[in-house]
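I would like to walk through one structure with you, going from the overall chain to the sheets and then to the ligand.

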Amino acid sequence: PVTAPAAPPVRIERDGVVATVVIDRPKALNALSPEVLRALADAFDRLASEGDAVRGVLVVGEGGRAFVAGADIRSLAELTPEEGAEAARLGHRVAAAIEAFPAPVIACVDGFALGGGLELALACDLIYATDASGFGQPEVRLGLIPGFGGTVRLPRAVGLPLAKELIFTGRRIDAETAERAGLVARRFTDREALLEGARATIAEVAENAWTAVALAKRVLVEAAGTPTERASELEVAGFEDAFRTTDMREGVAAFLEKREPRFSGR
Ligand code: CO8
């Protein structure tokens with residue numbers, strides 16, 4: 001039997017310097033099948049190849065009910081332990097592609113961000129959310145544990161005690177609680193306000209030297225969770241690299257000359 005080709009589960013939309021990565025499996029609440037994870041990694045690799053043409057990325061879930069309701073539980077069901085590890089590594093590959101991406105990535109959460117969905121959001125630089133959102137790591141309810149970064153990035157975001165409580169209970173918290181815990185950077189009344197707020201943040205970031213933002217992100221990502229001494233070395237190395245850019249020379253000169261900088265992206 002001939003079947004129509006399935007619509008791609010991930011697409012990229014462009015609006016000037018802002019790219020939006022849309023996860024489009026609303027019937028499964030955008031659950032992360034291996035196909036979705038591969039498509040996400042590809043999307044970030046492709047956008048990274050555009051250099052400073054992309055100044056920020058929004059990640060959104062289609063359908064209005066969920067950002068992402070976790071790994072695709074159906075595709076996990078029959079895996080061997082080795083295949084399970086492989087699935088987790090695929091998730092880590094997506095997180096690595098987002099963290100290596102040279103511009104800010106904002107998870108725009110409108111609805112459920114659970115399990116692998118919260119881990120995906122945590123791999124992004126910022127989480128913005130609507131009041132209708134819910135966050136949790138319910139893996140233990142499935143006999144699983146977080147598989148791509150929940151044990152590493154959730155404690156960094158909210159502190160070890162709350163991270164343990166969330167991971168041990170599988171409990172869901174609302175957007176207001178998540179904002180108070182520092183997990184959500186900004187909260188919005190609805191999806192439209194959320195996307196507008198995220199675009200405005202990228203526009204503000206885009207005023208700055210692309211090189212400096214990329215270096216700052218690299219250092220922030222590499223330094224997170226690294227012992228202070230090593231983290232300080234990473235910071236110094238990034239600081240040194242900034243001095244190799246034309247933009248740093250221009251930015252400093254402009255300040256001293258009391259004028260607006262003209263950044264070139266080099
Ligand atoms: N995987 C597959 N399908 C899902 C998932 C999921 N994670 N979540 C929802 N769906 C499907 C449902 O099966 C249902 O499909 P159908 O209509 O065909 O029955 C459809 O989406 C709608 O879901 P519900 O009917 O359940 O909607 P409700 O409003 O009743 O409930 C919930 C919404 C609360 C979000 C509920 O769907 C739910 O609890 N989902 C599962 C949440 C969860 O446990 N997530 C964690 C999964 S494990 C994980 O993420 C491990 C991460 C590390 C793995 C590393 C490898 C990637």
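This is a predicted model: local features need pLDDT of at least 70, side-chain atom pairs count only at pLDDT 80 or more; totals for chains, interfaces and linings use all residues.

The chain has eleven helices and ten strands, where helices (H or I, at least four residues) and strands (E, at least two) are DSSP runs numbered from the N terminus. Its radius of gyration is 19 Å, close to the 18 Å that the globule rule gives for 266 residues, so the chain is as compact as a globular protein of that length; that radius is taken over C-alpha atoms, and the rule is 2.2 Å times the number of residues to the power 0.38. Along the principal axes, the C-alpha trace spans about 65 × 50 × 40 Å.

Residues are numbered from 1 along each chain as its sequence is written, and side-chain values use heavy atoms, with hydrogens and water left out.

Of the 266 residues in the chain, 44% are buried, a word I use for under 20% relative accessible area, with exposed meaning over 50% and partly exposed in between (1.4 Å probe, protein chains only). Strand E5, residues 105–109, is mostly covered, with five of its five residues buried. Val105, Ala107 and Val109 point one way from E5, whereas Ile106 and Cys108 point the other way.

Which strands, then, run parallel to E5? Strand E3, residues 56–61, is joined to E5 by four bridges and runs parallel to it, and four bridges likewise join E5 to strand E7, residues 126–130, again in parallel; two strands pair if DSSP finds at least two bridges between them. Alanine 107 is the bridge partner of valine 59, and it also stands opposite isoleucine 127 in E7.

Elsewhere, four strands form an open sheet of mixed pairing, in the order E4-E6-E8-E9. Strand E4 (66–68) and strand E9 (173–174) stand at its edges, each with a single partner strand, so one side of each is left without a neighbour in the sheet. E9 is joined to strand E8, residues 134–136, by two bridges, and these two strands run antiparallel; glycine 134 has aspartate 174 in E9 as its bridge partner.

Let me turn to the ligand. Around the ligand there are 25 residues, of which Arg65, Ala69, Ala71, Ile73 and Gly116 come nearest, a residue being near if one of its heavy atoms lies within 4 Å. By class, this shell has 14 nonpolar, four polar and seven charged residues, where Ala, Val, Leu, Ile, Met, Phe, Trp, Tyr, Cys and Pro count as nonpolar, Asp, Glu, Lys and Arg as charged, and the others, Gly among them, as polar. Helix H2 (73–76), helix H3 (81–100), strand E6 (112–114) and helix H4 (116–123) each supply at least two residues of the shell.

Where does the backbone come in? A backbone N or O atom of glycine 116 lies 2.8 Å from an oxygen atom of the ligand, and a polar backbone atom of alanine 69 is 3.0 Å from a ligand nitrogen. For lysine 27, the distance from a backbone N or O atom to a ligand oxygen is 3.4 Å. On its own the ligand has 1100 Å² of accessible area, of which the protein covers 67%, as computed by the Shrake-Rupley method with a 1.4 Å probe.

How values were computed:
A polar contact is a pair of N or O atoms within 3.5 Å; within protein, one must be able to donate a hydrogen and the other to accept it, and residues adjacent in sequence count only if both atoms are side-chain atoms.
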